[in-house]
Amino acid sequence: MLRVQLTRRRGEFMLDADFCAPMPGVTSLFGRSGCGKSTLISLIAGLLSPESGRVQIGDDVLTDTDRHIDIDARHRRIGVVFQDARLFPHLSVLGNLQYGARRLPRNAATPIRFDDVVTLLGLEALTSRRPHELSGGEKQRVALGRALLTQPRLLLLDEPLASLDLARREEVLPYLERMRDAMSIPIVYVSHQFDEVLRLATRVVLLDAGRVVADGELAEVSRHPALREIVGPDAVGAVMSGVVEGNPDGGLTTIRVGDAMLLVDEAAMPGQRIQIQVLARDVIIASERPSGLSVRNVVAARVVSVTPDVGHAVLVELDIGRTATLLARVTARAAAELALAADRQVWALIKAVSLRGHMFSAPAR
Amino acid sequence: MLSPAESEALFLSLSVAARSVAFNLPFAILVAWLLTRARFAGRTVFDAFVHLPLVLPPVVVGYLLLLLFGVRGPIGSWLYETFGIQLAFTSTGAALATAVMSFPLVVRSIRISLDALDPGLEDAARTLGAGPLDRFFSITLPLITPGILAGGVTAFAAGLGEFGAVITFASNIPGETRTLPLALYTALQTPDGDTLAARLATISFLLGLAGLLVAEFLARRVRRLVGR
């Protein structure tokens, strides 16, 4: 378990963060630009010193201002990947990959092998190239490999995709997923793009203006009011975990989420564990089970709460069994007509096509 | 092609300029690094002090050197008594005077390289397990080589022509401190020295041009080598 409790002041800006990250697992530090995420990463990595606080991995104390402990970054065994890759321009890709590995203590255990990293990240054809001959995505893969080869006990990824265009991001994301699943290294992943968090993280720490405003499992935080502020109304939607049951119906995939079976227009392997995001604006609520509709998913649900939302809308939290919870955005008038209130039994309608692109393979546990 | 006196002046110029660059570089790298990376009181004053030789008359620099490094000066007398080294009126002294004059040029050139260097690279090296000296030699130094080289070559080319500081501190001794510009000056003072003066001026012109061309060529090669 990574335990972080830090404060640092920079002029008007005060960073005051307190959170835990399970190990292994991917914990995402999520927040707007300028909310203190990168500063927090520098503090955990030991590149900056806090005013006060502690950083601890397991029983190993890395920073403790009370006891005047502040281990230098180079002795922390924490791998860092920066937004701008920071490859050494005068060294080849091979030289970059070996830079950290060459500086390991002589007696260090090396469970992460060079060949495995090169294969995992698809670097075979790149090793003799110079950094300026690489695309942005390739640079980040090399930076990732370079960090892995220092045999880190924790990996800090500071917006590794933020400087890439959409196509390059899509090119690198599968490598990040593969790395997450193949290596048992805990990861702290900084991002201000929620779709990256969806694809990679198990836990989310929500930062706003230097403070932790929410901290929990992805599903939990996906419904947190503070997240709505950050991602904007159109991206609001509950994230739920599920299991792929099969592909019975015209190429659609059936997944089990809570007590419900959802049809999704997306290919997946039966038995695969997934996370799915259902956008609040894509959910329709019916007071009786409707018929004669094109919608593929009609799910029995119980209203948990109705809260005001943007404009004339309300946000309805719906329990669909086994702690799976949906969010639906409907107009306040519709909510009044249907008499939506806590414990009312309703039907939630979700188009199978609206779920396309919102289902991701879940991290292995 | 060249008379003995001409080739003597030419080789003396080359040797003085080369030694002045050798004196310069280690200190210039250190000072450039201090001025870009270190935070200390009096930094601005120090910066101005480093640039003084650019604005002072060279004769003043030579005179100050004479006060400090002359046989009766505080440093000069110590050097002479301890190591038997005499700087004033020797070719080593000429090299020292030349080094002081070109020092700001070298510092400036290295500083430009250092300013262009992303300090994030040093942070990255730190997270990869490199200590401060290791970071300097494995990352910083190779990446500022273009600046060091450019500064070195410019200082060498400029050093070939240093006059005022050299003649004040090291005098005009044939075979010891009479470099090309001093020989040229001497020729101009001599009746019938016009031809010699013209020949020496031509040599100086060709040397300077060659120096600048070599500098540009090296800078391009090195820039490609460090991947910029």
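Begin the tour by selecting Asp192(B), which sits in the loop of chain B between α10 and α11 (194–225). The model on display is a predicted one. Although Asp192(B) is not a glycine, its phi is positive, at about 65°. Asp192(B) is classed as exposed because 7 other C-beta atoms lie within 10 Å, and the exposed class covers residues with 12 or fewer.

Next, select Ser171(B), in the loop between α9 (164–170) and α10 (180–189) of chain B. Ser171(B) also is not a glycine and has a positive phi of about 65°. Is Ser171(B) exposed or partly exposed? Ser171(B) counts as partly exposed, because its C-beta neighbours inside 10 Å number 18.

**Helix packing in chain B**

Remain in chain B and display helix α1 (residues 4–37) together with helix α8 (residues 145–159). Two packed helices are described by the angle between their axes and by the distance between those axes. For α1(B) and α8(B), the angle is about 145° and the axes are 9 Å apart. The crossing of α1(B) past α8(B) is right-handed.

To view the contact itself, select Val16(B), Ala17(B), Ala18(B), Ser20(B), Val21(B), Asn24(B), Leu25(B), Ala28(B) and Ile29(B) on the α1(B) side. Their counterparts in α8(B) are Ile148(B), Gly151(B), Gly152(B), Ala155(B), Phe156(B) and Gly159(B). By residue class, the contact of α1(B) with α8(B) comprises ten nonpolar and five polar residues, with no charged ones.

In α5(B), highlight Thr98(B), Ser102(B), Leu105(B), Val106(B), Ser109(B), Ile110(B), Ile112(B) and Ser113(B). These residues meet a set in α8(B) that includes Pro146(B), Gly147(B), Ile148(B), Ala150(B), Thr154(B) and Ala158(B). The contact of α5(B) with α8(B) is made up of nine nonpolar and nine polar residues, and no charged ones.

A further selection picks out residues of α8(B) that take part in both contacts. Ile148(B), Gly151(B), Gly152(B), Ala155(B) and Gly159(B) meet residues of α1(B) and also residues of α5(B).

**Between the chains**

Now show both chains and select the residues where they touch: 21 residues of chain A are in contact with 16 residues of chain B. On the chain A side, β7 (78–81) and α2 (93–101) each contribute at least two residues. The chain A side of this contact contains eleven nonpolar, four polar and six charged residues.

**The domains of chain A**

Seven residues of domain 1 of chain A are in contact with twelve residues of domain 2 of chain A. On the domain 1 side, the elements giving two or more residues are α6 (194–200) and α7 (218–222) of chain A. Which of them gives the most? α7(A) does, with three residues. The domain 1 side of this contact consists of three nonpolar, one polar and three charged residues.

Technical notes: Residues are numbered from 1 along each chain as its sequence is written. Chains are lettered from A and ligands numbered from 1 in the order in which they are written. This is a predicted model: local features need pLDDT of at least 70, side-chain atom pairs count only at pLDDT 80 or more; totals for chains, interfaces and linings use all residues. Helices (H or I, at least four residues) and strands (E, at least two) are DSSP runs, numbered from the N terminus. A residue is buried if 20 or more other C-beta atoms lie within 10 Å of its own, exposed if 12 or fewer, and partly exposed in between; C-beta atoms are placed from the backbone. Two residues are in contact if their C-beta atoms, placed from the backbone, lie within 7 Å. Ala, Val, Leu, Ile, Met, Phe, Trp, Tyr, Cys and Pro count as nonpolar, Asp, Glu, Lys and Arg as charged, and the others, Gly among them, as polar. Axes are lines fitted to C-alpha atoms, for helices over the stretch in contact, and angles run from 0 to 180 degrees between N-to-C directions. A crossing is left-handed if the near helix is turned anticlockwise from the far one by less than a right angle, and right-handed if clockwise.
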